[in-house]
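Biologist: Hi! Could you walk me through this one? I'm still learning how to read structures.

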Amino acid sequence: MAASLPLPRAAAPLDVLRTVRFAPWAAPAPRRRLLPGPPTAGVPPPPALPPASKLADPPVVGAPEPPLPFRAAEAEILRDIEPVVQLIKDILHSDRYGDGECLCPKDENVVVEKLLAFHPRAQDKIGCGLDVIMVDRHPEFRKSRCLFVVRTDGVWIDFSYQKCLRAYIREKYPSHAERFIREHFKRT
């Protein structure tokens, strides 16, 4: 009955010794050291790396990040543009500025840097130079208040803050811009 039971696991090293002792040609070849230095007995081997085809490319400094899913990108865009949109709505739709009034320097800097700089025809709008930004009624659509660039030669010309925002979004968020604009802006 004892002969029918399998050998316990502890007996496995004895089998190797028996093989080496009685069949030397079946013994494993001695290991050669490939690296100089002391042996590393007792130190676990480094973890195996996946094949090179499975490794991610190392991050490149200055490279764009992988695109976010649309809803995450949408939330990021909204957080980014919300302060400027709120300022413009406050300027245009409150009694903070009357018709024909110029913006204070702080508001003007925000409008010029965050909006006018991104207008598709900014250079045409500014022309010979920017004097101030003014709020007034649109000459054709008298119920609408809008922003005007007052140039150094005295000419003033309106500009669309929505065109500026669209261009900004297209530049900063190219992979999600068109969908965001389609869903959040009335006209293109």
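**A chat about rings, strands and cores**

Biologist: Let's start with a tryptophan. What is the relative accessible area of Trp-156?
Modeller: Trp-156 has a relative accessible area of 43%, so it counts as partly exposed. Here buried means under 20% relative accessible area, exposed means over 50%, and partly exposed is in between, using a 1.4 Å probe and protein chains only.

Biologist: Where do these values come from?
Modeller: This is a predicted model, in which local features need pLDDT of at least 70 and side-chain atom pairs count only at pLDDT 80 or more, while totals for chains, interfaces and linings use all residues. Residues are numbered from 1 along each chain as its sequence is written, and side-chain values use heavy atoms, leaving out hydrogens and water.

Biologist: Okay, back to the tryptophan. Which residue forms an aromatic pair with Trp-156?
Modeller: Phe-148 does, and the pair is edge-to-face, with 4.8 Å from centre to centre and 75° between the planes. Rings of Phe, Tyr and Trp (its six-membered ring) pair if their centres lie within 6.5 Å; planes under 30 degrees apart are stacked, over 60 edge-to-face, and the rest tilted.

Biologist: And is Phe-148 buried or exposed?
Modeller: Phe-148 is buried, since its relative accessible area is 2%.

Biologist: How many aromatic pairs are there in the whole structure?
Modeller: The search finds two. In the pair of Phe-118 and Tyr-168, the ring centres are 4.9 Å apart and the planes are at 80°, so that pair is edge-to-face. It links distant parts of the chain, as Phe-118 is in the loop between α3 (105-114) and α4 (122-126), whereas Tyr-168 is in helix α5 (residues 161-172), 50 residues away. Tyr-168 counts as buried because its relative accessibility is 15%.

Biologist: You keep saying α this and β that. How many helices and strands does the chain have?
Modeller: It has six helices and four strands. They are DSSP runs numbered from the N terminus: helices are H or I with at least four residues, strands are E with at least two. From the N terminus, the order is α-α-β-α-α-β-β-β-α-α.

Biologist: What do the strands form?
Modeller: The four strands make an open sheet in the order β1-β2-β3-β4, with antiparallel pairing. Two strands pair if DSSP finds at least two bridges between them. β1 and β4 (156-159) are at the edges, each with a single partner strand, so one side of each has no neighbour in the sheet.

Biologist: How many bridges join β2 to β3?
Modeller: Seven bridges join β2 to strand β3 (residues 145-151), and two join strand β1 (residues 101-102) to strand β2 (residues 130-137). In β2, Met-134 is the bridge partner of Cys-102, and Val-135 is that of Glu-101. Met-134 also has a bridge partner in β3, namely Phe-148.

Biologist: New topic, the inside. How many residues does the largest nonpolar core have?
Modeller: That core has 29 residues, and Ile-88, Ile-91, Val-111, Leu-147 and Ile-169 have the most contacts inside it. A nonpolar core is a set of buried Ala, Val, Leu, Ile, Met, Phe, Trp, Tyr and Cys residues joined through side-chain atoms within 4.5 Å. α2 (70-93), β2, β3, α5 and α6 (177-184) each supply at least two of its residues. The largest share is from α2, with nine residues. Apart from this core lies another, of five residues, among them Val-132, Met-134, Phe-148 and Val-150.

Biologist: What is Val-111 in contact with?
Modeller: Leaving aside neighbours within four places in sequence, its contacts are Ile-88, Ile-91, Leu-103, Leu-116, Ile-133, Leu-147 and Phe-159. Contact means heavy atoms within 4.5 Å.

Biologist: Where does His-119 lie?
Modeller: His-119 is in the loop between α3 and α4. At 7% relative accessibility, His-119 is buried. Not counting residues up to four places away in sequence, His-119 touches Lys-125, Phe-159, Ser-160, Lys-163 and Cys-164.

Biologist: One last thing. Which residue does Arg-179 lie over?
Modeller: Arg-179 lies over the face of Phe-70, 3.9 Å from the ring centre. A charge sits over a ring if NZ of Lys or CZ of Arg is within 6 Å of the ring centre and within 35 degrees of the ring normal.
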